[in-house]
Amino acid sequence: MCVPPGGELTLVQELSSKPAQKLSRYGWYGNIRLTMFHIPDDTVVARWLFTVTRGSGFNCGTHNVTMYMRWGAPPVIDPVGRLFPNNTVTSPVLSLNLPMTSSQSNTTFNLSNPAPGDWYLAAHLPRDDGRIEHKGFPSCSYLFQPQLSVRRAVDTPILQATPLTQSISLSLSLSVRVFVPEFVSSLSVSVSGCTWWEGLVNGDCSLSLTLGSSSPQGGLVRVNCSLIGCSAVLLAPPWNTWIRVTVDSYHSNRTTAFSISVNYTVGCKPQSVGMSGDDYINRLHGNSSTTTSPGNGSVVAEAGRHNNVSSECVWSVPVLREELDVLSVRFSPINGPNVTVTHTHPTLLTYPLNTQSTGGTLNLEITLNTVSNTHTRRNIFFFCKLILPFPQAATWYLTLQLFCNSSDCGNVTVTPQLHVSACIEDCGTYGECRLLRSFSYLYAACVCKAGWSGWGCTDDITAQSYGRQLTAVLLLTLSNLLFIPPIVIAVRRCYITEASVYLFTMFFSTFYHACDQPGLTVMCIMDYDTLQYCDFLGSVCSIWVTVLCMARVRDTFKHMLFMLGTLLIAMSMQLDRRGLWNMLGPILCAVLAMVTSWVYRGLKRKQCYPPSWRRWVLFLLPGLASALVGVCVYVFAETEDNYLYTHSLWHVLVASSVVFLLPPRETDSMNTWSPGVCGYTLCHSTKEELYTVT
């Protein structure tokens with residue numbers, strides 16, 4: 001390719017934007033807002049614009065927005081300072097803070113020569129204070145919107161074996177790219193023959209040489225050239241990728257001419273061992289002792305011919321890649337689980353990870369089987385176990401070699417087990433692995449319970465004791481027994497339908513809270529989602545039937561409202577179980593029906609209804625006060641720490657309010673209907689007819 005005169009490149013600008021997302025306080029990884037941007041090849045500079053808009057809602061304070069950036073995979077973060085599980089390896093991330101000084105704040109972040117590929121951005125508000133916010137109530141909202149602008153060079157020269165001669169000034173820089181083939185152990189780029197443009201002065205290069213791309217994981221090599229040249233070496237460069245090389249001038253009023261060249265150091269190329277090319281197909285079709293799971297996609301990571309391995313310096317073992325499920329990938333050697341390792345040649349295994357696997361956890365476990373030369377005894381032990389959350393999308397390599405003091409070490413058998421799982425050890429006993437989604441990207445994280453914390457729910461610094469867990473489940477379940485008095489009173493007053501609803505609510509609330517407990521005190525008699533749905537449905541229906549019963553409407557109309565309201569409540573619960581209007585809507589409708597009925601009765605009787613002051617003082621006012629206090633506790637006082645006390649108190653107050661508010665039994669005259677004919681009322685004789693049987 002021809003080099004543009006003076007090193008000038010043609011740059012084009014590309015813009016990308018993501019929709020605004022509502023930020024949340026950080027409690028676990030599911031509270032972050034994850035966004036992915038793709039930076040194309042030959043990007044000279046990337047500029048992110050972060051905009052946060054604060055709403056004018058209730059209780060809007062001043063908070064800092066924390067952002068994290070990582071290349072190749074989502075950032076692994078720990079804002080609350082918890083411990084990671086043992087043998088966990090994490091990659092560095094770039095952290096940024098955006099203070100909210102006004103209703104809208106923004107900041108920019110510039111990165112020169114960014115690494116091409118996918119960049120992941122995570123944002124959240126400060127740590128969660130533990131207060132339980134109910135959906136639908138006024139709250140403050142923070143909207144976060146990131147944008148990316150890149151400047152990409154469309155005619156970047158390719159640096160090959162032939163050296164390039166170029167000249168640059170202070171206002172310009174030279175950018176070239178170098179392709180790194182596979183099995184290159186080091187890459188060296190040299191600048192030599194530095195002279196001024198006039199050719200009058202030698203020996204002062206005044207240039208800086210940069211090799212690689214910028215990312216939080218590093219990878220940049222930068223040197224300042226002096227005298228007549230310099231050289232930058234990148235050890236273990238990424239294979240099958242393009243490396244950017246940039247030369248800048250830091251001397252004013254000078255144009256410098258120089259020559260730039262590249263040199264590779266290629267290690268010995270590996271050779272696949274143990275199978276021929278046709279054997280791979282036979283192995284996949286099950287024509288050997290090793291079989292694969294039916295219906296799973298399988299890919300051979302590396303193939304080759306069987307040659308004499310004694311002349312090779314690296315043995316490459318072909319690996320089978322099996323996609324088992326979402327965020328579940330298993331790698332296994334084609335020849336079987338065991339791999340032979342010697343001291344003469346390194347053994348190489350290749351594991352390709354695509355973007356779909358970066359949202360999980362990479363698990364590596366190696367079992368070493370040693371066989372003594374003088375004894376037949378075999379020793380088996382583990383010597384390497386690594387856990388990598390959110391591994392980067394790249395080709396991973398595992399190299400095994402035996403080192404010993406003697407010249408004759410023999411061979412050992414190693415069993416490498418590498419797989420991608422959704423979470424670390426399924427989040428353990430006190431956690432739950434949840435699958436999350438950001439647009440079309442899937443990733444997984446652990447949500448911890450019972451005070452446990454950490455990336456894998458293994459940090460017990462705030463863990464609840466068994467006694468506290470048992471106390472929580474007993475309070476939350478036994479407090480529902482306070483519904484027994486309302487059930488008994490409803491039955492004695494012949495409110496059989498209402499009693500059935502109270503019994504339904506008591507049963508499912510008890511077993512829902514028994515199933516909702518974390519740790520060792522959990523007991524589920526059926527699916528958790530079913531228990532939760534029935535608990536929420538029974539709670540709202542209990543309020544609905546109680547208020548309608550207080551309205552004193554006729555039985556036919558009352559039972560019609562019972563059925564119609566229950567069906568509508570069931571539908572709304574299916575649409576949005578935690579919505580505010582699922583509870584507020586039925587309450588307002590029932591109260592409207594009750595007030596209308598009471599006003600009608602009062603106008604008809606020309607007195608206040610209910611007419612008895614004892615009914616107001618001893619029953620209605622205490623019942624309303626109990627219900628109001630219960631609602632305030634439920635809405636404003638519940639936190640994660642006091643949930644077992646406040647929610648148990650909510651059960652007690654709601655059950656107590658039903659005892660006070662449930663009206664007395666209606667008299668027969670109120671429910672007796674007699675047809676009228678021409679202004680006269682037809683009376684029914686209650687006299688029993690006696691018959692003589694002969």
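Some ground rules. This is a predicted model: local features need pLDDT of at least 70, side-chain atom pairs count only at pLDDT 80 or more, and totals for chains, interfaces and linings use all residues. Residues are numbered from 1 along each chain as its sequence is written, and side-chain values use heavy atoms, with hydrogens and water left out. Helices (H or I, at least four residues) and strands (E, at least two) are DSSP runs, numbered from the N terminus.

Stay with strand 31. Its partner is strand 30 (residues 431–438). The two run antiparallel, joined by eight bridges. Two strands pair if DSSP finds at least two bridges between them. Glycine 431 stands opposite cysteine 448. The hairpin has two residues between the strands. There, phenylalanine 439 takes a positive phi near 60°. Lysine 18 lies over the face of phenylalanine 439, at 5.9 Å from the ring centre. A charge sits over a ring if NZ of Lys or CZ of Arg is within 6 Å of the ring centre and within 35 degrees of the ring normal.

A record touches this region too. UniProt, in an unreviewed entry, places "domain: EGF-like" at residues 446–457. UniProt positions are given in the numbering used here, feature names are shortened, and annotations may be inferred rather than shown by experiment. Over residues 446–457 the chain is 0% helix and 25% strand. The end C-alpha atoms of that stretch are 7 Å apart.

Now the aromatics. How many aromatic pairs does a search of the whole structure find? It finds 23. Rings of Phe, Tyr and Trp (its six-membered ring) pair if their centres lie within 6.5 Å; planes under 30 degrees apart count as stacked, over 60 as edge-to-face and the rest as tilted. Take tyrosine 441 and tyrosine 443. Their ring centres are 6.0 Å apart and their planes are at 20°, so this pair is stacked. Both tyrosine 441 and tyrosine 443 are buried. They also belong to one aromatic cluster, with Tyr29, Phe84, Tyr120, Phe390 and Trp455.

A second pair is tryptophan 598 with tyrosine 609. The centres lie 6.1 Å apart with planes at 65°, so the pair is edge-to-face. Tryptophan 598 is in helix 7 (residues 580–605), and tyrosine 609 is in the loop between helix 7 and helix 8 (613–637), 11 residues apart. Both tryptophan 598 and tyrosine 609 are buried. A cis peptide bond joins tyrosine 609 to proline 610, with omega about -5°. Proline 610 lies in that loop as well.

On to the helices. The expected span of a helix is 1.5 Å times one less than its number of residues. Helix 7 has 26 residues and should span 38 Å; its end C-alpha atoms are 37 Å apart, which agrees. Buried residues in helix 7 include Asn582, Met594 and Arg601. Just after helix 7, lysine 606 takes a positive phi of about 60°.

Helix 5 (residues 528–551) has 24 residues and reaches 35 Å, close to the 34 Å expected. Helix 5 is mostly covered, with 19 of its 24 residues buried. Arginine 552 follows helix 5, with a positive phi near 60°.

Last stop: strand 17 (residues 241–249). Phenylalanine 179 has tryptophan 242 as its bridge partner. Leucine 211 stands opposite valine 245. Over the ring of tryptophan 242 sits the charged end of arginine 177, 4.3 Å from the ring centre.

The loop between strand 16 (230–235) and strand 17 holds alanine 236. Asparagine 240 is in that loop too. Alanine 236 has a positive phi of about 50° although it is not a glycine. Asparagine 240 has a positive phi near 55°. Alanine 236 counts as exposed, at 62% relative accessibility. Asparagine 240, at 45%, counts as partly exposed.

Methods
Buried means under 20% relative accessible area, exposed over 50%, partly exposed in between (1.4 Å probe, protein chains only).
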